Amino acid sequence: MRDAQSAPEFGLAIGHLLLQARELFHAGFAEIVLLALEGDDVALRSTSGPQGEVLMRPSDLTVTDRALLEAVDVGVVRIPPGRQQQVLGEVLEERQIMDAIAGALRTEKRILGWFV
């Protein structure tokens with residue numbers, strides 16, 4: 001968190017946070033999606049994985065994204081292997097990962113986005 005807070009711009013801070021999360025959890029992939037303040041059709045998606053980093057890329061929300069958003073609204077969820085036939089299994093398939101944890105980034109009043 002200290003590295004992210006000291007980054008000169010927000011996008012770089014997100015990049016630092018993703019790299020640190022991957023290291024902490026021994027993960028091959030990490031993602032943070034920030035929802036638009038008005039409306040919920042577009043978001044800013046940042047990912048870090050074997051193919052490199054993509055930071056703060058505008059992205060339309062998919063059906064899978066909406067299912068994930070609904071799931072994390074109640075708390076942190078684990079998406080284990082073998083869920084490929086269910087909607088959350090598509091989260092794994094789309095990101096080409098074996099299993100995941102996901103949770104909401106929120107204030108007291110609303111969800112700001114999520115992490116995977």
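Does R45 count as a residue that is buried or exposed, and at what relative accessibility? Let's start there. R45 counts as buried because its relative accessibility is 8%; the cut-offs are under 20% relative accessible area for buried, over 50% for exposed, and partly exposed in between, with a 1.4 Å probe and protein chains only.

Quick housekeeping. This is a predicted model, where local features need pLDDT of at least 70 and side-chain atom pairs count only at pLDDT 80 or more, while totals for chains, interfaces and linings use all residues. Residues are numbered from 1 along each chain as its sequence is written, and side-chain values use heavy atoms, with hydrogens and water left out.

Back to R45, which sits in strand β2. Strands here are DSSP runs of E with at least two residues, helices are runs of H or I with at least four, and the numbering goes from the N terminus. The R45 side chain makes a polar contact with the side chain of E31, at 3.1 Å. By polar contact I mean a pair of N or O atoms within 3.5 Å; within protein, one must be able to donate a hydrogen and the other to accept it, and residues adjacent in sequence count only if both atoms are side-chain atoms.

Now the strands. β1 covers residues 30-35, and five of its six residues are buried. β1 runs antiparallel to β2 (residues 42-49), with six bridges joining them, and it also runs antiparallel to β6 (residues 111-115), with three bridges. Strands count as paired if DSSP finds at least two bridges between them. Take L34: its bridge partner in β2 is L44, and in β6 it is G113.

Next, the inside. The largest nonpolar core has 20 residues, and L35, L68, I79, W114 and V116 have the most contacts inside it. Such a core is a set of buried Ala, Val, Leu, Ile, Met, Phe, Trp, Tyr and Cys residues joined through side-chain atoms within 4.5 Å. Helix α3 gives the largest share, four residues.

So how is α3 arranged? T64, D65, L68, L69, A71 and V72 are its buried residues. They lie on the same side of α3 because they cover an arc of only 160 degrees around the axis, taking the directions from the helix axis to the C-beta atoms. The face turned away from that buried side carries the exposed residues V63 and E70.

That's the tour; happy to take questions.
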